[in-house]
Amino acid sequence: YKWQTNFRKLIDYYEQHDGDSNVPDSKSKLGTWVREQRREYHKFRNGEPSRLTPKHAMALQRIRFDWFRQSNVRKEQEETFRERIMEYTNFCKEQQDNTTPLPVSKLPTKTLQYWAENQRTGYRQWLQGKKKLSENRRKLL
């Protein structure tokens, strides 16, 4: 049974890494499986259909499985987002125009122009119900 096999591999990892169940999710079948367990757990918690059974959730809980770990990629994306929002905010303050969005072409770098356009597109898509956008990011934007 595949779940049990992966769980045994996770226990081995856990024991070899001093009680750490955060398997890197890149380039590893076990890491991919761990990421999938987190995804299924969040569905399960939200009352959505999930392949994670209560029995499996309890087994993972017994080894203090970290259900909320962000991947390094997600952390990097979040850091980049915060850097860009600060850069954008500071530029707007310098221009003394923080009440209306500046035209993208007025932003000082191509990187910031591209970022701002992506944020605006994402926000419009969220308004249309086509894309998810976290409450935290909505407040910052």
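This is a predicted model: local features need pLDDT of at least 70, side-chain atom pairs count only at pLDDT 80 or more; totals for chains, interfaces and linings use all residues.
Which helix holds Tyr 123? Tyr 123 sits in helix 5, which covers residues 110-127.

**Tyr 123 and its surface patch**
- Together with Leu 127 and Leu 141, Tyr 123 makes up a nonpolar patch on the surface.
- The accessible area of these three residues together is about 280 Å².
- Tyr 123 has a relative accessibility of 33%, so it counts as partly exposed.

**Arg 64, in a loop**
- You will find Arg 64 in the loop that links helix 3 (54-62) and helix 4 (72-94).
- Arg 64 is exposed because its relative accessible area, 62%, is over 50%.
- Beyond its neighbours within four places in sequence, Arg 64 is in contact with Tyr 14 and Ser 21.
- Gly 19 is 45 residues from Arg 64 in sequence, while their C-alpha atoms lie 8.1 Å apart in space.

**Asn 22, in another loop**
- Asn 22 belongs to the loop between helix 1 (2-16) and helix 2 (29-45).
- With a relative accessible area of 18%, which is under 20%, Asn 22 is therefore buried.
- Setting aside residues up to four places away in sequence, Asn 22 touches Tyr 13, Arg 38, Asp 66 and Arg 69.
- One of these residues, Arg 38, also makes a polar contact with Asn 22, side chain to side chain, at 2.7 Å.

Conventions
Residues are numbered from 1 along each chain as its sequence is written. Side-chain values use heavy atoms; hydrogens and water are left out. Patches are made of residues with over 30% relative accessible area and no salt bridge: like charges are joined within 9 Å, nonpolar side chains (Val, Leu, Ile, Met, Phe, Trp, Tyr) within 5 Å. Accessible areas come from the Shrake-Rupley method with a 1.4 Å probe; for residues, only the protein chains shown count as cover. A salt bridge is a side-chain nitrogen of Lys or Arg within 4 Å of a carboxyl oxygen of Asp or Glu. Helices (H or I, at least four residues) and strands (E, at least two) are DSSP runs, numbered from the N terminus. Buried means under 20% relative accessible area, exposed over 50%, partly exposed in between (1.4 Å probe, protein chains only). Contact means heavy atoms within 4.5 Å. A polar contact is a pair of N or O atoms within 3.5 Å; within protein, one must be able to donate a hydrogen and the other to accept it, and residues adjacent in sequence count only if both atoms are side-chain atoms.
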